[in-house]
Amino acid sequence: MKKSNIGLGITAIESSSDYLFMSISNKSTLIWDKKRSIQISDIYDPDLKLYSDLLLSGGVSDEHLGFYSADFLCANKELILKGNDRSLAKLVGNLLEDDNPVVYQYYFKKNAIDILIEKYGI
């Protein structure tokens, strides 16, 4: 990977029945569907207007879990309340800065690579 200028190494890995995800140097994510792959830089959460790495650094999981710290969500409460995610808005309405992190589970569409290829014009 280093010789091909892809990155210094794999910093997190996650799998599902459809995909293998690898965080490359905590800067991008390689997604492979057993036939094709795509490397993307960031994932955008429109409700938080936040770009983040798809995988947790140093983590290994097949449950597709992520988290936001309570202080981060509280700092962005106004933005979240204006967003489209009513469940998240309800959650932050009762959240205090010193509460535990909020864990979430996410799912991937069967045609995720096609969607990303189209989105990034690759």
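In β4, the residue that bridges to Thr-29 is Ile-40. Two strands are said to pair if DSSP finds at least two bridges between them. Strands (E, at least two residues) and helices (H or I, at least four residues) are themselves DSSP runs, numbered from the N terminus.

Before I continue, a word on the source. This is a predicted model, in which local features need pLDDT of at least 70 and side-chain atom pairs count only at pLDDT 80 or more, while totals for chains, interfaces and linings use all residues. Residues are numbered from 1 along each chain as its sequence is written, and side-chain values use heavy atoms, with hydrogens and water left out.

Let us stay with the hairpin. Four residues lie between strands β3 and β4. Within that loop sits Lys-34, with a phi near 80 degrees, which is a positive value in a residue other than glycine. Lys-34 counts as exposed because its relative accessibility is 52%. The cut-offs here are under 20% relative accessible area for buried, over 50% for exposed, and partly exposed in between, with a 1.4 Å probe and protein chains only.

I now turn to the helix α4. Its buried residues include Ala-112, Ile-113 and Leu-116. Viewed down the axis of α4, the buried residues fall within an arc of 95 degrees, so they line one face of the helix. The arc is that of the directions from the helix axis to the C-beta atoms. As a general point, an α-helix has 3.6 residues a turn, so residues three or four places apart point the same way. The cover over the buried residues of α4 includes β3 (28-32) and β4 (37-40). After α4 comes Gly-121, with a positive phi near 65 degrees.

Next, the loop that leads into this helix. Lys-110 lies between β9 (102-105) and α4 (112-120). Is Lys-110 buried or exposed? Lys-110 is exposed, because its relative accessible area is 67%. Leaving aside residues up to four places away in sequence, Lys-110 touches Asp-18 and Tyr-19, where contact means heavy atoms within 4.5 Å. With Asp-18, there is a polar contact between the two side chains, at 2.9 Å. A polar contact is a pair of N or O atoms within 3.5 Å; within protein, one must be able to donate a hydrogen and the other to accept it, and residues adjacent in sequence count only if both atoms are side-chain atoms. The C-alpha atom of Lys-110 is also 9.4 Å from that of Asp-33, although the two residues are 77 apart along the chain.

The interior comes next. A nonpolar core is a set of buried Ala, Val, Leu, Ile, Met, Phe, Trp, Tyr and Cys residues joined through side-chain atoms within 4.5 Å. The largest such core has nine residues, among them Tyr-68, Ala-70, Leu-88 and Val-102. Two elements, α1 (70-75) and α3 (86-93), each give two or more residues to this core. The most comes from α1, with three residues. A second, separate core has eight residues, including Tyr-19, Ile-31, Ile-113 and Leu-116.

How many aromatic pairs does a search of the whole structure find? The search finds two. Tyr-19 and Phe-21 form a tilted pair, with 5.8 Å from centre to centre and 50 degrees between the planes. Tyr-19 counts as buried because its relative accessibility is 4%, and Phe-21 is likewise buried, at 0%. Tyr-68 and Phe-72 form a stacked pair, at 5.7 Å and 20 degrees. Tyr-68 is buried, at 12%, while Phe-72 is partly exposed, at 26%. Rings of Phe, Tyr and Trp (its six-membered ring) pair if their centres lie within 6.5 Å; planes under 30 degrees apart count as stacked, over 60 as edge-to-face and the rest as tilted.

Finally, the chain as a whole. There are four helices and nine strands, in the order β-β-β-β-β-β-β-β-α-α-α-β-α. Of the 122 residues, 32% count as buried. Among contacts between residues at least 6 apart in sequence, 52% join residues at least 24 apart.
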